[in-house]
Amino acid sequence: MDVHLLDGTYELFRHHFALPSIIDAEGVEIAAVRGVLNSVVTMLDEGVTHIAVATDHTVDSFRNDMYAGYKTGEGLEEELFLQFAILEAALSSLGICVLAMTEYEADDAMASAARIAGRDERVARVHLCTPDKDLSQCVEGDRIVQVDRRRGEIRNADGVRAKFGVSPESIPDWLALTGDTADGFPGLKGWGAKSSAVVLEEYLHLENIPRDPSQWTVQVRGAARLAETLDASFDDALLFRDLATLRYDAVSSGVDDWVWIGPRSDFQSWCDRLGLGRLSQRVESILKQR
């Protein structure tokens, strides 16, 4: 079997900004929910059997206590935020396992689920369905891969190296040096994507980088300045790496909980509310073909 882990937060954002507004009878924006629900049904139609969708039920997480500048829900449109709970309920009605995070983040849920599935001998491949570079750290060979569904790209470990210049295990270190504006931490001054990749491809982790640039076995422009910055800001770099490192204890369910066996009895009412009356018929047709 293959396991598909979908980044519900990313999907909700993507559809919200891509689709025209649709307001339901209760005056609530639902366009993004409709888009994600249709997308998940398409995955089922394509033969997906085991699937879980991770969401950020609350925007803040334990990382906000670690670093004051970490991303928050400030500025998030209310019409988008309100769709999270609707999406979670609609997906559950469809019979999809929803990994709704409160203390942790959706990325942590996907990382945890990927590790669980990766250790299950029955699983042939784990598909991390998200373009988020954070999840690249979870890629393992050809067994756990990252999928950008919008672009139709699949990245295995070699694909991660080709894209970022480092192996999956070095992604948190790479993010610590380069920063991650989406998550709200700046990285270290002067450390760009290329210089970080060259150094980490050689040394893998921050602790292994010699403090004396004359000992570096790679050629990097401005090595002395970079080494000085790293030495002066090493504690910051470690903190940023900790922020970028995904947790693997966010999920307690397992592969058997993610098998899709069909919708609940209230799915039709959800389709009616969302103006997707024919979607339930499509779902029933998919179920009959299983």
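Trainee: What should I know before we start?

Mentor: Residues are numbered from 1 along each chain as its sequence is written, and side-chain values use heavy atoms, with hydrogens and water left out. Since this is a predicted model, local features need pLDDT of at least 70 and side-chain atom pairs count only at pLDDT 80 or more, while totals for chains, interfaces and linings use all residues.

Trainee: How many helices and strands does the protein chain have, and what makes a run count as one?

Mentor: There are 12 helices and 6 strands. They are DSSP runs numbered from the N terminus: H or I over at least four residues for helices, E over at least two for strands.

Trainee: Why is Asp-183 called buried?

Mentor: Buried means under 20% relative accessible area, exposed over 50%, and partly exposed in between, with a 1.4 Å probe and protein chains only. Asp-183 has 5%, so it is buried. Its place is in the loop between helix 7 and helix 8. Leaving out residues up to four places away in sequence, Asp-183 touches Gly-69, Tyr-70, Lys-71 and Asp-134; touching, or contact, means heavy atoms within 4.5 Å.

Trainee: Then how do you know which class Glu-46 and Leu-204 belong to?

Mentor: Glu-46, in the loop between helix 2 and strand 2, has a relative accessible area of 64%, so Glu-46 is exposed. Leu-204 has 30%, so Leu-204 is partly exposed. Leu-204 is in the loop between helix 8 and helix 9 (223-232), and its phi is near 70°, a positive value in a residue other than glycine.

Trainee: What makes a group of residues a nonpolar core?

Mentor: The members are buried Ala, Val, Leu, Ile, Met, Phe, Trp, Tyr and Cys residues joined through side-chain atoms within 4.5 Å. The largest such core here has 36 residues, and those touching the most other members include Leu-12, Leu-37 and Leu-94. Elements giving two or more residues to this core include helix 2 (31-45) and helix 4 (78-94). Helix 2 gives the most, with 8 residues. A second, separate core of 32 residues includes Val-139, Trp-174, Ala-176 and Leu-206.

Trainee: What makes the contact between helix 7 and helix 8 worth a look?

Mentor: The axes of helix 7 (residues 171-178) and helix 8 (residues 193-203) come within 9 Å and cross at roughly 140°. Those axes are lines fitted to C-alpha atoms over the stretch in contact, with angles from 0 to 180 degrees between N-to-C directions. Among the residues that meet are Trp-174 and Leu-177 in helix 7 and Ala-197 and Leu-200 in helix 8.

Trainee: Which residues of helix 10 are buried, and where do they pack?

Mentor: In helix 10 (residues 234-244), the buried ones are Phe-234, Ala-237, Phe-240, Arg-241, Leu-243 and Ala-244. They pack against helix 3 (63-66), helix 7 and helix 9.
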